[in-house]
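Trainee: I am new to this structure. Could you take me closely through one part, the surface patches towards the end of the chain?

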Amino acid sequence: MSTAEASATTADAAEAGGRTKTGSPRTIPVFGVAIPDGEMQGIFKPMDLNRIIKVLEEEDKDVSEEKQLNYIKKLIHCYQNGFPLRDLAQIFKILSLCAEKIEKQPCFVEPASDIIKLCGLPFLKKKVSDEITYTEDTANSFALLGELMKIPSSALRIQICKCIVDFYHAEPLKKHIPGYQQVSSSYKIKMVEVGGLAKAMVQSALLLENQLVEKLWVLKVLQHLSTSGVNCTLMVKAQAASGICAHLNDPDPSGQLLFRSSEVLWNLLEKSSKEEIIQQLSNLECLLALKEVFKNLFVRGHSHYERQLRNDILVITTIIAQNPGAPMILLIDGKVILALFTYVKKPERLKIMEWSAAQYEELQLHAIATLSSVAPLLIEEYMSCHGNSRILAFLEWCGHEDSYFIHGNSFHGTGGRGNKFAQMRYTLRLLRAMVYLEDETVNKDLCERGVIHQLIEIFKTMMSRPAEKEEAIALEIQSDTLLILSGLCENYIQRKEMFGTEGVDIVLHVMKTDPKNLQRGLGYNVLLFSTLDSIWCCILGCYDSEDYFLEKEGIFLLLDILAKDLTAASLLIKLW
């Protein structure tokens, strides 16, 4: 009889209920396998894990494949209610040995998958201190799960992903095991962080370019992992943002790839270094992928979900645009600024349009909102498209009373139903973004086109409107108007003279606002601060305007504000 057979006989005898000698390896209880009726309840069959490891490691031809598989089947049956923490190191050693055999012996895929499946069950502890005592064993075990993703077995990879997802949906034990307790629900999630599993899963995703089903499962795992800041940091180190973004446009009939990928990107932006994420996404491959996805959703997206996804992609692109080093010159070659400006104009009623009025309104507002983020980065392209001229012409239309009424159904159209407030609001935001660049070419061109007088007229028009339910939006429009005027006039006497007495009158009008309004919210405080800023930037330094301001008792109005609003007083002290 060979040594292996002798050992196997000893093990078989132990399994039959006998006892091994003192020097034999430690035995552990089988959970959930009850002794037949008539015997004492609570006694479990023993199993020698070290023996299984030795059998799997044995390369002797006398140890058959069938025998190895039988040992593993007994182990799986033994632990059908979960693994104790103290046995994880040996269990995962057995799993590792099974995995090593898969390439030459595919029959080991099923038992390896079954062991991994059991890892999805709650782990068990004998003592409260077990969670601390076996921290290293558990973390190393979870790290091994990530390594096993490299094995070219679809069934094994999917089972690993299912197991990890189960960590985040822990259920109580279905059967109580005497002498054991379930570990805390957060324990596995914490050990995932300690074991660095997130990094390995990102690397797995990059290896699965052509295996869609497996890739979707990995992305589902990354969705769960990215809810943790620790995991997000590990994922960023593994270049998760760029790797995921570059494949956003990969074929996927189900649409899950785009949905899961965009959610992972959002989690990374929220829970890790935003600057690092932007840096990773600031490459041509990622921007081209975002462009194609946005274009497809823009043209073919009809459902609320698709519109929301389109908006998310647009916001991610806008965030990337914050990086001056991002290759946004994609945008130049594609004439994106010019394309967006085609919507910044009065709707042409006589022209046959492929969009309904509500659809055109949403496109128009999205285009203006996008220009607010993109145009400041592409000043030359903006000027070559006559951006200032287009904006001022559109603002003039926004200020006119006519029979055009918008629907106000879109996100950007909030508060604009039955008027042009939404268009004016976003156009002024765009103009403010350009003025605050302090680019003299842009600002000089605006002033030469009469923007100061036009803005004063817009403010006077808003003043003459009766109080409406869109009061907050009207106040925002007035605040932005004053901020733009301040940005244009500061340090330029000639422009302060253009602001003149008409401008001083609108400032005085705001200063006469009922003090009770300042406590109502809605933007009155912002309007007041914008007004104080305009006194400094648009009036002080121009003698004629200063005299007119004093003549109209502006200084007394200012003192009244200071007496009633300490916040305004502190702001004014900083300004002066």
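**Surface patches in context**

Mentor: Start with the whole chain. Among contacts (heavy atoms within 4.5 Å) between residues at least 6 apart in sequence, 76% join residues at least 24 apart. This is a predicted model: local features need pLDDT of at least 70, side-chain atom pairs count only at pLDDT 80 or more, and totals for chains, interfaces and linings use all residues. Residues are numbered from 1 along each chain as its sequence is written, and side-chain values use heavy atoms, without hydrogens and water.

The accessible surface (Shrake-Rupley, 1.4 Å probe) comes to about 28500 Å². Carbon and sulfur atoms account for 54% of that surface.

Now the negative patch. Glu497, Asp544, Asp547 and Glu551 form it. Patch residues have over 30% relative accessible area and no salt bridge; like charges are joined within 9 Å, nonpolar side chains within 5 Å. A salt bridge puts a Lys or Arg side-chain nitrogen within 4 Å of an Asp or Glu carboxyl oxygen. Helix α29, residues 543-551, gives the most to the negative patch: three residues. Asp547 sits in helix α29. Asp547 is partly exposed, at 48% relative accessible area.

Next, the nonpolar patch. Leu550, Ile555, Phe556 and Leu559 make a nonpolar patch of about 370 Å². Helix α30, residues 554-564, gives the most to the nonpolar patch, again three residues. Phe556 lies in helix α30.

Definitions and conventions: Lys and Arg count as positive and Asp and Glu as negative; His and the chain ends are not counted. The place of a charge is taken as NZ of Lys, CZ of Arg, CG of Asp or CD of Glu. Helices (H or I, at least four residues) and strands (E, at least two) are DSSP runs, numbered from the N terminus. Buried means under 20% relative accessible area, exposed over 50%, partly exposed in between (1.4 Å probe, protein chains only).
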